[in-house]
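Hi,

Here is the model we talked about, with the sequence alongside.

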Protein chains: 2
Amino acid sequence: MVLRVLLMSGDNKWFTEIFAASGSAFGLAITKKLDEVKSPFQHIEMFETTHFGNLMVIDDVIMLSSRDNFLYHEMLSHPVLFSHDKPKNVVIIGGGDCGTLREVLKHTDVETVTQIDIDEQVTRMSEKYFPELCASNNDPRATLKFDDGIKYMREAAAESIDVIIVDSTDPIGPGEGLFNRAFYDSCRKALKPNGILVQQSESPLIHMPLLKDMRDAMTDVGFSALQTLLFPQMVYPSGWWTCTLARKEGQFTGFRESDAEQANFNTEYYNVEVHKAASAWPNFMKKALNSK
Amino acid sequence: MVLRVLLMSGDNKWFTEIFAASGSAFGLAITKKLDEVKSPFQHIEMFETTHFGNLMVIDDVIMLSSRDNFLYHEMLSHPVLFSHDKPKNVVIIGGGDCGTLREVLKHTDVETVTQIDIDEQVTRMSEKYFPELCASNNDPRATLKFDDGIKYMREAAAESIDVIIVDSTDPIGPGEGLFNRAFYDSCRKALKPNGILVQQSESPLIHMPLLKDMRDAMTDVGFSALQTLLFPQMVYPSGWWTCTLARKEGQFTGFRESDAEQANFNTEYYNVEVHKAASAWPNFMKKALNSK
């Protein structure tokens, strides 16, 4: 259950998201509502905040702000791409705000990126209110499809994709079908033998059972190795988030460090040391996940 | 400015702290107020939360919860102690909840720990509502003083202390004098030549100017090397926090890894990999701090 509260405090209103499952709440001060649309899939709202730029909210859940989305988008893109030997063909499931797409396209080795988000309105809103994230949408290597990502992966040609990035909402609503064995099985079949899947995998502090289920499901369908990375993400529950990488074959034995070191693009969060650091698991996490 | 909001939502009340400087807010659902006391220094309140155990609030600012204080207390203790060759005499300034004290006393090499918190009522409240944090208060190596930490450090014998841990509130109110050159100068003089100071140093995402000022001040008074470590801390602004280590002489060239690996005590967050990972700076932080 997500409750949503707008309360007045002096001249500012607040958008507050209540995380009922953890009895916690996070809010940002807003100056005004910029826009909203009810798409066939969800209710999308845009606010202007006092300190965090623009804020996108979908079905009362905070999706991203101008100021801190770089953490999530960089961590969902660069670790997996630098963990793959030579990622040429990338598929993004979800990702309608196009922030992940922008990061992926920074890699000049990438030849095609196909993004499949079910809701075109997310991208239309992002073009308007996060133009910086959509700056690469017209890159000739990019294809934006607005369709069902589950169906897309089910019908994808076997062994056709190098990297799949699942940049989805939480596992309720439209995102639900992206967190189960059937979907992971489709992804695994569509990956080339050296392919890697990465998916946002919620908070290590408050969603451990979900993270464990995701990892178990990925293992069950045959992925040979997993790597869960940790990073801060202020606007998400607990301010601490993860993504989980899954290799179709082989093990995680480092990444292309020298390529990452010499990358000819800028990042605000990601670098070689940050990439290595993200794989350090706290003791409570090792215990909960049995060091798998 | 800190505003404080209690709002009703169904059966639960909320304690919400508004961080005016960043236009953000964090709240925990509470079932009841357990206690409160107005000491000569501050207003201390204890709440029972729905999901985070007990919650201590001082002057409307969230100090700690039962559930997530381990992150902060472990990171303020173990990295500095394992960075020192042989820490025998430790001084804690602040730290009245005794969580840092408990972590320090886990190190069997430590011979004396003197804790100086200005407000005895913080410790009395902690004994009652965080008994697990006060479990080592009667350790014969521990001395609890309730006095002015600034004065204590000014009068401390030169070169008498191995490790100083500044576990303070924010740099407003009683904590203010713990963030300036005069205090750092006292600390430096009181440290033995191989001594190390560590201080909580706020959020990398929203308090960068403060962190920069702290580091500049530490350098100005003659500390020879600094190391700012990053870690998650859900109940503090942005959910992302830092502590800064300062060496009286020499450089930071690793820590006692094998001792940390073989430590005969349990930690929930800290381990060797986490210690190393904490020193990885994001690009925006390297840029803001000029890689100092």
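How many salt bridges are there between domain 1 of chain A and domain 2 of chain A? The count is one, where a salt bridge is a side-chain nitrogen of Lys or Arg within 4 Å of a carboxyl oxygen of Asp or Glu. The pair is Asp35(A) and Lys128(A), whose side chains meet at 3.4 Å, N to O.

Some housekeeping before the rest. This is a predicted model, in which local features need pLDDT of at least 70 and side-chain atom pairs count only at pLDDT 80 or more, while totals for chains, interfaces and linings use all residues. Residues are numbered from 1 along each chain as its sequence is written, chains are lettered from A and ligands numbered from 1 in the order in which they are written, and side-chain values use heavy atoms, with hydrogens and water left out.

On confidence, chain A averages a pLDDT of 93, and 95% of its residues score at least 70; pLDDT is the predictor's confidence in each residue, from 0 to 100. For the complex, the predictor gives an ipTM of 0.94 and a pTM of 0.95.

Now the two domains of chain A. Domain 1 covers 2-65 and domain 2 covers 69-288, with bounds that come from an automatic or database domain assignment. Their C-alpha centres lie 24 Å apart. Between them, 23 residues of domain 1 are in contact with 21 residues of domain 2, contact being heavy atoms within 4.5 Å. The two bury about 2,100 Å², 74% of it on carbon and sulfur atoms; buried area is the accessible area (1.4 Å probe) that two parts lose on being put together, summed over both.

Seven residue pairs are in polar contact across that domain interface, both residues at pLDDT 80 or more. A polar contact here is a pair of N or O atoms within 3.5 Å; within protein, one must be able to donate a hydrogen and the other to accept it, and residues adjacent in sequence count only if both atoms are side-chain atoms. On the domain 1 side, the elements giving two or more residues are β4 (24-38), β5 (43-49), β6 (54-58) and β7 (61-65) of chain A, and β4(A) has the largest share with six residues. Helices (H or I, at least four residues) and strands (E, at least two) are DSSP runs, numbered from the N terminus.

Next, chain A against chain B. Here 44 residues of chain A are in contact with 44 residues of chain B, and the buried area is about 3,200 Å², with carbon and sulfur atoms giving 64%. Leu205(A), Met234(A) and Asn283(A) supply 15% of what chain A buries there, more than any other three residues.

Two salt bridges cross the interface of chain A and chain B. The side chains of Lys286(B) and Glu273(A) meet in a salt bridge at 2.7 Å, N to O.

One to look up is Lys212(A) with Asp216(A), at 3.5 Å, N to O. These two are separated by about one helical turn because they sit four residues apart in helix α6 (residues 208-220) of chain A.

Cheers
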